[in-house]
Amino acid sequence: MPSNPGIRDWAAQRVWIVGASSGIGAALARELLARGARVAVSARNASALAALPGALALPLDVRDGAALLAAAQRLRGEFGGVDLVVYCAGTYAPQRASDFDLDAALEHDEVNYRGALRWLKAVLPPLLAQGRGHLSVVSSVAGWRGLPQALAYGPTKAALINLAQILYLDLRPLGIGVSVVNPGFVDTPLTAGNEFAMPALLRPEQAAAHMLRGWEQGRFEMHFPRRFTLWLRLLRLLPDRWYFSAVRRFTGL
């Protein structure tokens, strides 16, 4: 049985994507526009948002809660409401404990997790007033268990997964759908600087297609590509000692 009502009539959907200047968010916006949805897009890069013809551009920084509230109010005025809200904003830089960077770790927290909390402050009241709609958080398989070089990034993604699970428990009985997206490696500006191998690397357009299919099928969690993520799911089940040994062996640590 689906966890959420499936979204199928995309032409009837009013969508707000926060984090849409590049990568998955931009690809998702383009695909939704092609399917006839009304789409609003937000990010810091206003010129990148302007390159998405047909979308309502609402430039903002997710570290600015007042800007998120103002954008949500403008969206209500322009669209008359919202049906799907997606938090896709994020930052990523590899980091290990041997080269700990406090400022970078706190920046990840501000954008990846606290930004999502500010976004919730903006989107929850209209969704609760409607008594319907869907909110979706883009996390990562890096949030499932600890991985090398993810000291700043992984904990924020683990927090998003936990947040989505709690939101589902709280909101689904009130008529609001909730989902969490846990991609593997996707070819985006954030991953372009990785100096390690990225198995089963996807294009942003492929990631967007997986997300749309997941929403159509009413899934709570979407993870892809499964030829990669299913192995990680199996690793999650291992006792800690076995898990640490497997990760060291696979990564050459």
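Which residue meets the side chain of Arg 63 in a salt bridge? I looked this up before anything else. The partner is Glu 107, with N and O 2.9 Å apart. I note here that the model is predicted.

**Entry: Arg 63 and Glu 107**

I placed both ends of the pair. Arg 63 sits in the loop between strand S3 (56–57) and helix H3 (65–79). Glu 107 belongs to helix H4. Arg 63 has 33% relative accessibility and counts as partly exposed. Glu 107 is partly exposed too, at 29%.

**Entry: other salt bridges**

I searched the whole structure and got twelve salt bridges. Arg 30 pairs with Glu 205, and their closest N and O atoms are 3.4 Å apart. Arg 30 has a relative accessible area of 42%, so I logged Arg 30 as partly exposed. Glu 205 is partly exposed at 41%.

I went on to Glu 221. Its salt-bridge partner is Arg 233, at 2.9 Å between the closest N and O atoms. Glu 221 lies in strand S7 (residues 221–224) and Arg 233 in helix H7 (residues 226–236), so this bridge ties together parts twelve residues apart in sequence. Arg 233 is partly exposed, with 28% relative accessibility.

I also found a network of salt bridges that links Arg 14, Asp 83 and Arg 132.

**Entry: nonpolar cores**

I asked which residues have the most contacts inside the largest nonpolar core. They are Trp 16, Leu 75, Val 85, Trp 119, Leu 120 and Leu 135, in a core of 44 residues. Helix H4 gives the largest share of this core, eight residues. A second, separate core holds 30 residues, including Ala 20, Leu 49, Cys 88 and Ala 207.

I took Trp 119 for a closer look. Beyond four places in sequence, Trp 119 touches Val 18, Leu 68, Val 85, Val 86, Tyr 87, Leu 135, Ser 136 and Val 137.

Is His 108 buried or exposed? His 108 is in helix H4. I logged His 108 as buried because its relative accessibility is 3%, and the cut-off for buried is under 20%. A polar atom of the His 108 side chain lies 2.7 Å from the backbone oxygen of Ala 104. Outside four places in sequence, I listed contacts of His 108 with Thr 91, Tyr 92, Ala 93, Tyr 113, Ala 152, Tyr 153 and Thr 156.

Asn 4 came next. Asn 4 is in the segment before strand S1 (14–18). At 4% relative accessibility, I count Asn 4 as buried. Which backbone oxygen lies 3.1 Å from a polar atom of the Asn 4 side chain? I found that of Arg 219. Arg 219 is also on the contact list of Asn 4, which leaves out neighbours within four places and includes His 134, Tyr 168, Arg 172, Gly 218 and Phe 220.

**Entry: nonpolar surface**

Phe 100, Leu 102, Leu 106 and Leu 151 make a nonpolar patch of about 380 Å². Phe 100 is in the loop between strand S4 (84–87) and helix H4 (102–130). In soluble globular proteins, nonpolar side chains tend to be buried together. I marked this patch for its nonpolar surface.

Terms used:
Residues numbered from 1 in each chain as written. Predicted model: local features only at pLDDT ≥ 70, side-chain atom pairs only at ≥ 80, totals over all residues. Heavy atoms only, no water. Patch = residues over 30% accessible without salt bridge, like charges linked within 9 Å, V, L, I, M, F, W, Y side chains within 5 Å. Areas by Shrake-Rupley, 256 points an atom, 1.4 Å probe, with all protein chains shown as cover. Salt bridge = Lys/Arg side-chain N within 4 Å of Asp/Glu carboxyl O. Helix = DSSP H or I, 4+ residues; strand = E, 2+ residues; numbered from the N terminus. Buried < 20%, exposed > 50% of the residue type's maximum accessible area, 1.4 Å probe, protein only. Polar contact = N/O pair within 3.5 Å; in protein donor to acceptor, adjacent residues only side chain to side chain. Contact = heavy atoms within 4.5 Å. Core = buried A, V, L, I, M, F, W, Y, C linked by side-chain atoms within 4.5 Å.
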